[in-house]
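Colleague: I have the chain open on my screen and would like to go through it with you. Could you walk me through the loops, sheets, helices and ligand as we go?

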Amino acid sequence: MNHVNQEQMRAVQIHSYGGAEQLQLTNTKVPVPAEDEVLVKIHAAGVNPIDWKVREGYLAELLPHRLPLTLGWDFAGQVVSVGKNVKQWSVGDAVYSHPNLSKNGTYAEYITVSADEIAAKPKTLNWQESAAVPLVTLTAWQALNEIGKIKTGDRVLIHAGAGGVGNAAIQLAKQAGATVYTTSSSKNIDFLKSLGADEVIDYMQEDFSKLNGLDLIFDTMGGDVLEKSWSTLKKGGNLVSIAEIPNDELAIKHDVKANFCFVQPNSGHLSEIASLIDSGSLKVEIDSVYQLDDVVKAHKKSESSHTRGKIVLQIR
Ligand SMILES: NC(=O)c1ccc[n+]([C@@H]2O[C@H](COP(=O)([O-])OP(=O)(O)OC[C@H]3O[C@@H](n4cnc5c(N)ncnc54)[C@H](OP(=O)(O)O)[C@@H]3O)[C@@H](O)[C@H]2O)c1
């Protein structure tokens, strides 16, 4: 292969589950791509709530991680070598991805990733903006299109519109021709209207459960928010949650469909998303950018649950 294989790289890893103090900036070996993988030099990595949830060990039963583990599952970077079965990618290609959650992640200078989990990054975005896209936009895409079967004319409620997933969901729902209701605090109302939301409900002042007859609910919150959402759907409506597995009995009682969505890597979806971005139909909001050394601050910010859009780590 090539010279990087013998080299060390910087990566943020955890050696045990716990608080932000578990995040360690370490030197580790640059991984070697398998036959169906590429090696990517990472320029920027997205930070998502799942990163600190994995760090805490909340997903230890769901995801078969081995420690030490490199966190982060969003990146934008350049292909620096390709496995021998890889035909569709070449050294120098600019790519982005939400890679497999069960493997080492993207808070690192290099990652090996399956060739069918990456896509050409949006041409109109820089590295940081590109790294902010994959996980949240794939989640919104898969929840609304694949599971929610959103269609023109639907009345859709998207919870937490100001978050990374919510931003993408509002814009994709408008693309689909839906009327979009969303929830946020007052400081984000104008911003969410600028993304296309038809009505923004300030969850601190108003009760969203005043809504009724909705076709689709995208639940990004779980708990009380999910509980209060059922009665706002019309009979035969659809609830998709990414926060909590919905209760089947309540779905039957309200005569609605309800499903959990767990985001999956998908290069085809990422290519379609890149086209939407490059045509000006999908915008990316960056809340803040941190250097890799400041990963603790980035996690604390994400844990605050009041970011607008995305947090990004600058890797190089
Ligand atoms: N199942 C999956 O595959 C999957 C995939 C992605 C994400 N998720 C999960 O989905 C959730 C959202 O992810 P994310 O990346 O969008 O998170 P995020 O960016 O951290 O969300 C932050 C946003 O939540 C809003 N918010 C907080 N409390 C709220 C409330 N009571 N009502 C309405 N909005 C509220 C905040 O808006 P204000 O500042 O205006 O309050 C803030 O903009 C997380 O729990 C994440 O782990 C699951």
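Modeller: Gladly, and please keep in mind that this is a predicted model. Let me begin with Ala176, which lies in the loop between α4 (164-175) and β10 (179-184).

Colleague: Which residues does Ala176 touch, leaving out those up to four places away in sequence?

Modeller: With those sequence neighbours left out, Ala176 touches Ile150, Lys151 and Thr152.

Colleague: Since β9 has come up, what is the strand order in its sheet?

Modeller: That sheet is open and has six strands in the order β11-β10-β9-β12-β13-β14, with parallel pairing. The strands β11 (199-202) and β14 (257-260) stand at the edges with a single partner strand each, so one side of each is left without a neighbour in the sheet. On average, neighbouring strands of this sheet are turned by 15° against each other, if direction is ignored.

Colleague: How many bridges hold β13 and β14?

Modeller: Strand β13 (residues 233-241) pairs with β14 over four bridges in the parallel sense, and in β14 the bridge partner of Val240 is Asn259. Helix α3 (residues 134-147) packs on this sheet, where it touches β12 (214-219), β13 and β14, and the direction of α3 makes about 150° with that of β12.

Colleague: Which helix crosses α3, and at what angle?

Modeller: That is helix α8 (residues 267-278), whose axis comes within 10 Å of the axis of α3, the two crossing at roughly 105°. With angles from 65 to 115 degrees counted as roughly perpendicular, α3 and α8 are therefore roughly perpendicular to each other. On the α3 side the contact involves Pro134, Thr137, Leu138, Trp141, Gln142 and Glu146, which meet His269, Leu270, Glu272, Ile273 and Leu276 in α8.

Colleague: OK, and how do α1 and α9 pack?

Modeller: Helix α1 (residues 49-56) packs with helix α9 (residues 295-303) at an angle of about 105°, and their axes are 9 Å apart. That makes α1 roughly perpendicular to α9. The residues in α1 are Pro49, Asp51, Trp52, Arg55 and Glu56, and they meet His299, Ser302 and Glu303 in α9.

Colleague: Changing topic: where is the cis peptide bond?

Modeller: The cis peptide bond joins Leu67 and Pro68, with omega at about 0°, and Pro68 is found in the loop between α1 and β4.

Colleague: Which sheet does β4 belong to, then, and how is it paired?

Modeller: Strand β4 belongs to an open sheet of three strands in the order β2-β1-β4, where the pairing is antiparallel. The edge strands are β2 (24-29) and β4 (69-70), each of which pairs on one side only. Strand β1 (residues 8-14) pairs with β4 over two bridges in the antiparallel sense, and Ile14 stands opposite Leu69 in β4.

Colleague: What about β5 and β6, parallel or antiparallel?

Modeller: Strands β5 (residues 75-82) and β6 (residues 94-97) run antiparallel and are joined by four bridges, and Ala76 has Tyr96 in β6 as its bridge partner. Strand β6 is also joined to strand β8 (residues 119-120) by two bridges, again antiparallel, with Tyr96 opposite Ala119 in β8.

Colleague: Last topic, the ligand: how many residues surround it, and which are the closest?

Modeller: The ligand is surrounded by 26 residues, of which the closest are Lys53, Ser185, Tyr203, Val263 and Thr307.

Colleague: Which atom of the ligand is 2.6 Å from the side chain of Ser185?

Modeller: An oxygen atom of the ligand lies 2.6 Å from an N or O atom in the side chain of Ser185. A ligand oxygen atom is also 3.3 Å from a polar backbone atom of Gly163, and a nitrogen atom of the ligand is 3.0 Å from a backbone N or O atom of Ile242.

Conventions:
Residues numbered from 1 in each chain as written. Predicted model: local features only at pLDDT ≥ 70, side-chain atom pairs only at ≥ 80, totals over all residues. Heavy atoms only, no water. Pairing = 2+ DSSP bridges. Axes fitted to C-alpha atoms, helices over the stretch in contact; angles between N-to-C directions. Contact = heavy atoms within 4.5 Å. Near = heavy atom within 4 Å. Polar contact = N/O pair within 3.5 Å; in protein donor to acceptor, adjacent residues only side chain to side chain. Parallel < 35°, antiparallel > 145°, perpendicular 65-115°, else oblique.
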